[in-house]
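Subject: Structure handover

Hello,

Here is the structure I promised to pass on. Please open it alongside this message; my notes follow below.

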Amino acid sequence: MPGLHFEDFEVGRVFEHELSRTVTEADNMMFSLMTMNPQPLHIDAHFAAGTEWGKPLFNSLATLAIMIGMSVQDTTLGTTIGNLGMSDVRFPKPVFHGDTLRARTRIVSKRESRSRPDAGLVEFEHEALNQRGEIVATCRRTGLMRRRPAAV
């Protein structure tokens, strides 16, 4: 797998992820309904037209999932044992149908696991940006990452 092992991460390194994705009304509707979120601000165009936004907002949890998902190919594909937590999740700008998202990740910290000699903890800071370069989401995430296997 192309994911990085614990030893490969360098504090301060920034990944500008090449994948980008235009979000659609179908994405928003499917994600909102699949997660049992009946918020009319996401799924009811008539309701949303009467709000300060004037149109449906893209579901922020879908934005979070896309942002982190965009980072996987460059960082953790096949080398993550599990996510241990997320913090400082923010959505400073709204996302609407038709916006194109891209992401970047900075390595904030890393330390060896105290309980698992085969793993280490890496703290990622993710940012999602829209087509205008505006930050629309941020999150810190701690992943339990595999160490490089010992040579046989």
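N59 is buried, because its relative accessible area is 1%, under the 20% cut-off. This is a predicted model, so please read everything here as computed. N59 sits in the loop between α3 (45-49) and α4 (60-75). Beyond its neighbours within four places in sequence, N59 is in contact with N28, F31, S32, N37 and H42.

Now the overall fold. The protein has four helices and five strands. Their order along the sequence is β-α-α-α-α-β-β-β-β. The C-alpha atoms fill a box of roughly 60 × 30 × 25 Å along the principal axes. There are 152 residues, and 38% of them count as buried. Take the contacts with a separation of 6 or more: 71% of these come from residues 24 or more positions apart. The protein exposes about 8400 Å². Carbon and sulfur atoms supply 54% of that area.

Next, the charges. The protein carries 18 positive and 18 negative charges. Their mean positions are 5 Å apart. Side chains of opposite charge can pair when their charged atoms come close. How many salt bridges does a search of the whole structure find? The search finds twelve.

Several of these deserve a look:

- D27 and R21 form a salt bridge, with their closest N and O atoms 2.7 Å apart. D27 is buried, because its relative accessible area is 15%. R21 is partly exposed, at 33%.
- R106 and E125 meet through their side chains in a salt bridge, at 3.1 Å from N to O. This pair links distant parts of the chain: R106 is in strand β3 and E125 is in strand β4 (residues 119-129), 19 residues apart. R106 has a relative accessible area of 31%, so R106 counts as partly exposed.
- E125 also forms a salt bridge with R140, where the closest N and O atoms are 3.5 Å apart. Here too the pair links distant parts of the chain, from E125 in strand β4 to R140 in strand β5 (residues 135-146), 15 residues apart. R140 is partly exposed, because its relative accessibility is 24%.
- E16, R102, R104 and E127 are linked in a network of salt bridges.

M36 counts as exposed, because its relative accessibility is 74%. D88 also has a positive phi, of about 50°, and is not a glycine either. D88 is found in strand β2. Its relative accessible area is 42%, so D88 is partly exposed.

Last, the surface. M86, V89 and F91 form a nonpolar patch there. Together they have about 230 Å² of accessible area. F91 lies in the loop between β2 (80-90) and β3 (100-112). F91 counts as partly exposed, because its relative accessibility is 33%.

Best regards

Notes
Residues numbered from 1 in each chain as written. Predicted model: local features only at pLDDT ≥ 70, side-chain atom pairs only at ≥ 80, totals over all residues. Heavy atoms only, no water. Patch = residues over 30% accessible without salt bridge, like charges linked within 9 Å, V, L, I, M, F, W, Y side chains within 5 Å. Areas by Shrake-Rupley, 256 points an atom, 1.4 Å probe, with all protein chains shown as cover. Salt bridge = Lys/Arg side-chain N within 4 Å of Asp/Glu carboxyl O. Helix = DSSP H or I, 4+ residues; strand = E, 2+ residues; numbered from the N terminus. Buried < 20%, exposed > 50% of the residue type's maximum accessible area, 1.4 Å probe, protein only. Contact = heavy atoms within 4.5 Å. Lys, Arg positive; Asp, Glu negative; His and termini not counted. Charge placed at Lys NZ, Arg CZ, Asp CG, Glu CD.
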